[in-house]
Amino acid sequence: MHLAYPAVLAALLFCTGLYGVLARRNAILVLMSVELMLNAVNLNLVAFDVWLRDALHAGQALTLFTIAVAAAEIGIGLAIVLMVHRNRGTSDVDRLRDTAENPHPDADPDPGRDKTSDEKAEAAA
C-alpha cells in the first residue's frame, strides 16, 4: 500500500475540519469539525502503523486512545453547548464571546458599593 493515498486523504479531512472550525459560527458544527480533524489524525496514525509494519501496533493503540479522548470531549462539549443554549437561547460562537465580555448589559458595574436612596427607589420602580 502506498502511503501517499491515506496521507492525502487525511490532509484533505484535516483541512476540511480546520475550515469548519474557523468559518462556522454554530458551536455544534465547530465540535463536529474538531472531530473531523481528530479522525484525520487517526487515519494518519493507522496508515503509518501499517506502512512501518510496527510489531507492537503503537499507531493503532494510540488511535484507540484518541477515539476515547474524542468521545469524552464530544460528550462534555455537547453538554456545555446544550446548557449554554438553554441559558442564552443561542449557540452562536460570536454571540457567546460577546456575552462573556459583558455578561449582563443592565447589571450593576460595581456591586460592592452602597446605593443611595434615590438609586434604590429608581431600581425598585
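**Helix packing and loop features of the predicted model**

Helices α2 and α3 are roughly antiparallel to each other, since their axes, which lie 9 Å apart, pack at an angle of about 175 degrees. This arrangement, like the others described below, is taken from a predicted model. The residues through which α2 and α3 touch comprise 14 nonpolar, six polar and three charged.

The crossing in which α1 passes α2 is left-handed. On the side of α1, the contact is made by P6, A7, L9, A10, L13, F14, T16, G17, L18, G20 and V21, while α2 contributes V30, S33, V34, L36, M37, A40, V41, L43, N44 and A47.

Charge pairing was examined next. Side chains of opposite charge can pair when their charged atoms come close. With a salt bridge taken as a side-chain nitrogen of Lys or Arg within 4 Å of a carboxyl oxygen of Asp or Glu, the count comes to one. This salt bridge joins R25 to D94, with the closest N and O atoms 2.1 Å apart. R25 is located in the loop between α1 and α2, whereas D94 belongs to helix α4 (residues 93-101), so the pair ties together parts that are 69 residues apart in sequence. D94 itself is partly exposed, its relative accessible area being 26%.

The loop between α2 and α3, the latter helix covering residues 58-88, contains R53, and H57 lies in this loop as well. R53 has a positive phi of about 55 degrees although it is not a glycine. For H57, likewise a residue other than glycine, phi is positive and near 55 degrees. As to accessibility, R53 is exposed, with a relative accessible area of 74%, while H57 is partly exposed, with a relative accessible area of 40%.

Definitions and conventions: Residues numbered from 1 in each chain as written. Predicted model: local features only at pLDDT ≥ 70, side-chain atom pairs only at ≥ 80, totals over all residues. Heavy atoms only, no water. Left-handed = near helix turned anticlockwise from the far one by under 90°. Helix = DSSP H or I, 4+ residues; strand = E, 2+ residues; numbered from the N terminus. Contact = heavy atoms within 4.5 Å. Buried < 20%, exposed > 50% of the residue type's maximum accessible area, 1.4 Å probe, protein only. Axes fitted to C-alpha atoms, helices over the stretch in contact; angles between N-to-C directions. Parallel < 35°, antiparallel > 145°, perpendicular 65-115°, else oblique. Nonpolar A, V, L, I, M, F, W, Y, C, P; charged D, E, K, R; others polar.
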